[in-house]
Amino acid sequence: MTSRSVGAVLLLAAAAGATAGGQGQRGAPAAPAAASKTRPTSRWKQAAYVKASNPRAGAQFGFSAALSADGSTLAVGSPMEEGAATGVNGNQDDHSMFSAGAVYVYVRGSGGWSQQAYIKASNPGPDDQFGFGVSLSADGNTLAVSAPYEDSAATGINGDQADNSMANSGAVYLFSRSETTWCSSGCPKKAIRRSRS
Ligand SMILES: [Ca+2]
């Protein structure tokens, strides 16, 4: 993927049944009545057109995307995004670090889809490309983000993030959500207790 363009994500939702009026209905051959009763067809319709809250040329929003199994949470990677913010919901208007990368989380509520978080690496670096890949748990409460061009020589889990001595060695970051709050190093116990009550 070499083109540098502003991306977008389309969300499609399947609706069972073919009886609702809509595009393509008029003039289409009538289906046998018996068949339409016993075997409703599925139809796809667009549920959302999703853009970054801080779109920029070349940010490649949508390079990666993941939907939770329950269909209620969407994570979108924008690996060429240029913000230097760290962690969750930092300054989205900063554009001082090229290709540091960002991830955006959206949730589906009664009023449709809305953005829940703007997520950056805890140690953003130029060309780390955080958001190159994203993955969500089934309930959407755990998010994994890859940054294959991250440069630390740390080993294993929770090593020295400030190290920058091993070019493009890569890293993966895990984030967790308690209720509507995303945490970069585990949500506080208090927040977790509240979400379970
Ligand atoms: Ca790098």
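**Sheet and core**

Guide: Four strands form an open sheet in the order β3-β4-β5-β6, with antiparallel pairing. Strands are DSSP runs of E, at least two residues in length, numbered from the N terminus, and two strands pair if DSSP finds at least two bridges between them. This is a predicted model, in which local features need pLDDT of at least 70 and side-chain atom pairs count only at pLDDT 80 or more, while totals for chains, interfaces and linings use all residues. Residues are numbered from 1 along each chain as its sequence is written.

Visitor: Which strands stand at the edges?

Guide: β3 and β6 do; each has a single partner strand, so one side of each is left without a neighbour in the sheet. Neighbouring strands of this sheet are turned by 20 degrees against each other on average, direction ignored; the axes used are lines fitted to C-alpha atoms.

Visitor: How do β5 and β6 pair?

Guide: Strands of a sheet pair through backbone hydrogen bonds, either parallel or antiparallel. Here β5 and β6 pair in the antiparallel sense over seven bridges, and they form a hairpin with two residues between them. Within this pairing, the bridge partner of glycine 109 is glycine 112, and that of arginine 108 is tryptophan 113.

Visitor: How many bridges join β4 and β5?

Guide: The antiparallel pairing of β4 and β5 runs over six bridges. Alanine 75 stands opposite valine 105 in β5.

Visitor: Is β5 enclosed or open to the outside?

Guide: A residue is buried if 20 or more other C-beta atoms lie within 10 Å of its own, exposed if 12 or fewer, and partly exposed in between, with C-beta atoms placed from the backbone. Six of the eight residues of β5 are buried, so the strand is largely enclosed by the rest of the structure.

Visitor: Which residues have the most contacts inside the largest nonpolar core?

Guide: In soluble globular proteins, nonpolar side chains tend to be buried together. A nonpolar core is a set of buried Ala, Val, Leu, Ile, Met, Phe, Trp, Tyr and Cys residues joined through C-beta atoms within 7 Å. The largest one has 31 residues, and those with the most contacts inside it are Ala75, Val103, Tyr104, Val105 and Ala147. Its largest share, five residues, comes from β5.

Visitor: With which residues is alanine 75 in contact, leaving aside its neighbours within four places in sequence?

Guide: Contact requires C-beta atoms, placed from the backbone, within 7 Å. On that basis, the partners of alanine 75 are Ala65, Ala66, Val103, Val105, Val134, Leu136 and Leu143.

Notes. Contact = placed C-beta atoms within 7 Å. Axes fitted to C-alpha atoms, helices over the stretch in contact; angles between N-to-C directions.
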